[in-house]
Amino acid sequence: MTYDSLVNRGDYFSAHYLAEVLPKDLKSGLLQVWKDREEAAKPPAGGAAAAEADALDASTPGADGLLVTPRAGLRALRRDYFRARSFFALPEDEDGIRVVRERDEEEVTYGDSTWRERVRGLNAEVLRALGYDAKPRTLTVVRAGQTHEIPVAHAEKGLVAVDCGWAAEPDAALDKNGRGRLLEPVPLDGLPPLETGDKLARFLFACEEPPRYVLLLCGGVIVLADRVVWGEGRSLGVSLDIALQRNDTRAGGELDTVAALFGAESLRTPEEGGENPLAELVGKSAKHAVGVSSELRDGLRKSVELIANEVLERLREQGLRPEDIGELSELGRQLTRESLRYLYRILFLLYAEARPELGILPADYPEYQQGYGLGRLAELIADREPISDTARNGFYLYESLDLLFGKVQDGYRPRRTHGVEATVDGIDAKTSEDVGLRFEPLHSKLFERDAIRLIGDDSLPDPRFDSDEALARGESVRYLDTRLRNATLHQVLHSLMITRGKRGERGGFISYAQLGINQLGAVYEGLMSYSGFIAGEELYEVAKGGDRKDGSWLVPKSKIAEYDDSVFVRRRDRHTGEDVRMRYPTGSFVYRLSGRDRQTSASYYTPESLTKVTVQLALQQLLTEETEAKELLNWRICEPALGSGAFLNEAINQVAAEYLRRRQSELGRSIDTEQYAVELQKAKAYIALHNSYGVDLNETAVELAEVSLWLNTMHPGMEAPWFGLHLRRGNSLIGGRRELYAADRLKKGGWLGTTPERFALADAVGGATLPEGSVHHFLLPAKEWGAVAAEKEARARSPRRRRRRWARGGRRSPSHRRPGRPPGFRGSPGGPNTCGGWSYGGWSCPSGTSRGASESGARRTTGCGGRRSRSSGTRCWPTSTPRTRRTGGSRRSWTRGARCGSGRCRALRCWTARTNGMRGPRRWRSGWRSSRRPGYRLRLVRRTPGF
């Protein structure tokens, strides 16, 4: 359903919902109710077909002067409307050009009382046709503690209608210097008068107990202002002039749709409570957007694989293997990170384009839409798919995006708000308003060139050539060309911009105006539990029943014969339409979620309904009548499990709105209605930059949260914020409460099974100190430690005595000889410690690795968690095979366990033989003696007492 009479400004409804879903919702809902009512109102005489025709074409007003249904009233309005319309037409010449000058037009329109009364009369007829009992009245409202009297054309609960000048085009109805003005300005005590319908709507929305809707009546045009989205530049308008001329009276046609969207029954709050029908339709549109967000999340996942595999393919075309660039594990992580950043850039620009009022992009310039905008690329990829080799292997899409990224990051003829003034050919850029398009620089970390080094033609040096030598010879550095080809970017952009239609529906463009911060956050967090790697062998994906929604696994090609055909995940081949197994060739990039990663990573998104009520309840505990506005700017907001910042964004929104409300009340004056949205964004930006903190263990989540907070606080003139010190990666959920055990509880396991004493953090603010000798509860082992010793696997690996001794070792009391060091386990329940097999004082090497060490000691690998020796700076060298070594002319062997290559393991107090990388006689360090444990390995123990 697409009618040129309807103006869906800023995607009040998502374009796909308006075109494909809304007609079905109306047909099964309000239109069906109207049909039944009209049938019941008709007399029984005549045939069924005649009755239906009469119901559609003629209706009789009731006792209140209103017709049976709004659609019947709208159909009956046509004759009276065009009779009145002739009065408002201005004189034109034979070419259709108005012959009335602008000054004279003002005199014959707003300056003429007869003209104004005619407009009021036509507006009242339109309201009655749509089912409203139009009665002009004076509305009393309260804003910032002041009472104001507002004359309106109609008012009822949740709805206000105001009179503006006559217009036939929707754009003219919002002209602040033309027909978008009120018929008469509204004076306000102590404030400038309200002269336009837009300003009056904003004023009413900012009052106490505001209406949900304001109808701007412009004779031939109605503009519906919704309080929820009016500040975002989103509204719904209709040109009655166009709709009544076309006179589409089909059931479910244009006039029915207009009546269903603007009629009284759609906007009124039901007497029994609940939402009005239009709000329900808007809610369905939003839910449809949420459904689109899940599809978008799947598109993002596929796009990561597409981009990363394209980079690897481009490297192979230039004679390089992935191993030539770096270690496969690190290269896989870097590809994941940079592919996501490339997609974040596109998503950010799509979101900014959908909100031109933020001033991030010049999206309201025709030059931008025709030469730079992503909407232009969306139309291109929707119309055709690259088929020829030249089109598929070209770089038009990449170059278009790269050009836009550069303009967004560095700007073009920006209006400087600080620093040196920008000039264009010697002309001050601030005064060159008519020179052309301009971009304000963001200076964002996301758009920096160094943020993505694996994608491009001048960022990844060719490892086959020495860059330093080339520069020394005065030559240019050779780079690899890893630009993304059209074939790949076509699939990526298609996934990000176009939705697949359900059965019986066509696909459409994804509305990023409908996808708010919360929906984008859901898209982001869906990717947090995914990880990318480069396949070392050919892999196939399997899942229970072949459905990956509950997790899937990868199996090598050599083992696929062990699995039933039904467990293999399949995909539809785009060219043949055949369902084929999901196969990952050797050397390909795989981006996926393993079977239990979703559960173990806790990557779930909190819905907006829950974040709102949670933050509201928290604010109720903090706010009182005496709370001053400035106190809110000193609050510190922290989200310890950050994710993409759902709670943090909601807290910022509510605190900022409460601050503005209280500040206006304190000053006794209101913010200008047109400026309120900008001031709200500025308040949100201040709170986000200065008072907001977050921690998450997932590194990707921190990047996502930065983008999310940025999108939520953007406003004209704002450069990219930096949250580097406020949003950090780490584990905030460690159970480290301020609870302690007294010193007398530390003997003989006295703390086990008892509750520690709690010391409130508020006491520390007052200067109170903790008891001497007490220990925090998280520094002591718990009673449950060592429970793994009772597991089946442990019983199979180790005798019962050894398991019991190991478990008790973890619960020993701290030793006074080693103050500040907690007890620990000796080795493991299945055998000796990994590093050396023995420990001293309960300390042992935590490493679980086992890597061989060369006889000469030339190769050094990590064997005990990467801890370096104090004495030589080397690390432990584990070995799992017997080694023979010449020491002082004799041969001694290590038969199991591991040996340390350093003289002393700093963190673990595990001393072993020192290897200096030389064959021949070994010199022992003074103060050490040789000790040998039968069946294990040579060990050195220091003679110093106290160890």
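Begin in the loop between α9 and α10 (254-262), and select Asn247 there. This is a predicted model. Asn247 is not a glycine, yet its phi is positive, at about 55 degrees. Most residues other than glycine have a negative phi. With a relative accessibility of 30%, Asn247 counts as partly exposed.

Next, select Glu209, in the loop between α8 (197-205) and β8 (213-219). Glu209 also has a positive phi without being a glycine, with a value near 50 degrees. Is Glu209 buried or exposed? At 81% relative accessibility, Glu209 counts as exposed.

Go to helix α4 (residues 70-88) and show the side chains of Arg83 and Asp80. They meet in a salt bridge, at 2.8 Å from N to O. The two residues are 3 apart in the helix, so about one helical turn separates them. Arg83 is exposed, with a relative accessible area of 53%, while Asp80 is partly exposed at 35%.

Arg85 counts as partly exposed, at 25% relative accessibility. Asp241, at 4%, counts as buried, because the cut-off for buried is under 20% relative accessible area.

**Further salt bridges**

Select Arg583 and Glu538, whose side chains meet in a salt bridge of 2.6 Å, N to O. Arg583 belongs to strand β20 (residues 583-584) and Glu538 to the loop between β15 (531-534) and β16 (539-542), so the pair ties together parts that are 45 residues apart in sequence. Arg583 counts as partly exposed at 41% relative accessibility; Glu538 is buried, with a relative accessible area of 15%.

Now select Glu310, Arg314, Glu317, Glu399, Asp481, Arg483 and Arg485 together. These residues are linked in a network of salt bridges. How many salt bridges does the count come to? The count comes to 45.

Move to helix α12 (residues 277-317) and pick Gly299. Gly299 counts as buried, at 6% relative accessibility. Then pick Leu496 and draw a distance between the two C-alpha atoms: Gly299 and Leu496 are 197 residues apart along the chain, and their C-alpha atoms are separated by 6.4 Å.

**Helix α6 from end to end**

Select residues 113-129, which make up helix α6. Its 17 residues reach 25 Å from the first C-alpha to the last, close to the 24 Å expected at 1.5 Å a residue. Colour Trp115, Arg116, Val119, Leu122, Asn123, Val126, Leu127 and Ala129, which are buried in α6. Then turn the view to look down the axis of α6: the buried residues fall within an arc of 160 degrees, so they line one face of the helix.

At the start of α6, a side-chain oxygen of Asp112 comes to within 3.0 Å of the backbone nitrogen of Thr114. Just after α6, select Gly131, which takes a positive phi of about 100 degrees.

**Helix α27**

Select residues 699-713 for helix α27. This helix has 15 residues and spans 22 Å between its first and last C-alpha, close to the 21 Å expected at 1.5 Å a residue. How many of the residues of α27 are buried? The helix is mostly covered, with 11 of its 15 residues buried. Among them are Ala701, Val702, Leu704, Trp710 and Thr713.

**A nonpolar patch**

For the last stop, switch to a surface view and select Leu610, Val613 and Leu617. These residues make a nonpolar surface patch of about 240 Å². Leu610 lies in helix α23 (residues 608-622), and Leu610 is partly exposed, with a relative accessible area of 42%.

Conventions:
Residues numbered from 1 in each chain as written. Predicted model: local features only at pLDDT ≥ 70, side-chain atom pairs only at ≥ 80, totals over all residues. Heavy atoms only, no water. Helix = DSSP H or I, 4+ residues; strand = E, 2+ residues; numbered from the N terminus. Expected span 1.5 Å × (residues − 1). Buried < 20%, exposed > 50% of the residue type's maximum accessible area, 1.4 Å probe, protein only. Arc of directions from axis to C-beta. Polar contact = N/O pair within 3.5 Å; in protein donor to acceptor, adjacent residues only side chain to side chain. Patch = residues over 30% accessible without salt bridge, like charges linked within 9 Å, V, L, I, M, F, W, Y side chains within 5 Å. Areas by Shrake-Rupley, 256 points an atom, 1.4 Å probe, with all protein chains shown as cover. Salt bridge = Lys/Arg side-chain N within 4 Å of Asp/Glu carboxyl O.
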